[in-house]
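Open the structure in a viewer and keep the selection panel at hand. The stops below go from the ligand to a pair of side chains.

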Amino acid sequence: MKKLTDEERQALLDLAGEARQRAYAPYSNYPVGAALRTRSGRVFTGCNVENASFPTGTCAERVAVFKAVSEGEREFEVIAVVTSNGVLPCGGCRQVLAEFGLETVVLVGDGEGRLLRELSVAELLPGAFTSEDLPR
Ligand code: THU
């Protein structure tokens, strides 16, 4: 798991907090922000984007991952996720993160930008189903 400095942690939590302010969450009123840093050092932010057709909405983490992948980045070091109450990413987002590496660090922050948890995707999704499990 990548070792981070406090400055690196705080910078990503701050970017996730700013992204959270751009959330489109009129139905849940639960804005979420994410900031994903790639191995090449680029940072992609994400926020949840909801829809009147509820299942069509997308989580903040997935927006960040899909932005990165669509820009040609597939190697991730760390993602910061910020919510009002500092919860862990949902199961679907854990699976999406697992696709691109079980060692990605997940920083969990609260609405005040405080770090509450730091753990790996492997810890978030034990026994993850990955491409290794598909018959060749
Ligand atoms: N949400 C996220 O963006 N990430 C998560 O890990 C959990 C849930 C969003 C989805 C929805 O817009 C709102 O939070 C309430 O579920």
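Which residues are around the ligand? Select Ser 28, Tyr 30, Val 32, Asn 48, Glu 50, Cys 59, Ala 60, Glu 61, Pro 89 and Cys 90; a residue is near a molecule if one of its heavy atoms lies within 4 Å of it. This is a predicted model, in which local features need pLDDT of at least 70 and side-chain atom pairs count only at pLDDT 80 or more, while totals for chains, interfaces and linings use all residues. Residues are numbered from 1 along each chain as its sequence is written, and side-chain values use heavy atoms, with hydrogens and water left out.

Colour this shell by residue class. Six of its residues are nonpolar, two polar and two charged (Ala, Val, Leu, Ile, Met, Phe, Trp, Tyr, Cys and Pro count as nonpolar, Asp, Glu, Lys and Arg as charged, the others, Gly among them, as polar).

At Glu 50, a polar side-chain atom is 2.5 Å from a ligand oxygen. At Asn 48, an N or O atom of the side chain lies 2.9 Å from an oxygen of the ligand. The ligand taken alone exposes 370 Å², and the protein buries 75% of that (Shrake-Rupley method, 1.4 Å probe).

Now select Cys 59 and Cys 93. A search of the whole structure finds zero disulfides.

Finally, switch to a surface view. Cys 59 is partly exposed, at 24% relative accessible area, whereas Cys 93 is buried, at 1% (buried is under 20%, exposed over 50%, partly exposed in between, with a 1.4 Å probe and protein chains only).

How values were computed:
A polar contact is a pair of N or O atoms within 3.5 Å; within protein, one must be able to donate a hydrogen and the other to accept it, and residues adjacent in sequence count only if both atoms are side-chain atoms. A disulfide is a pair of cysteine sulfur atoms within 2.5 Å.
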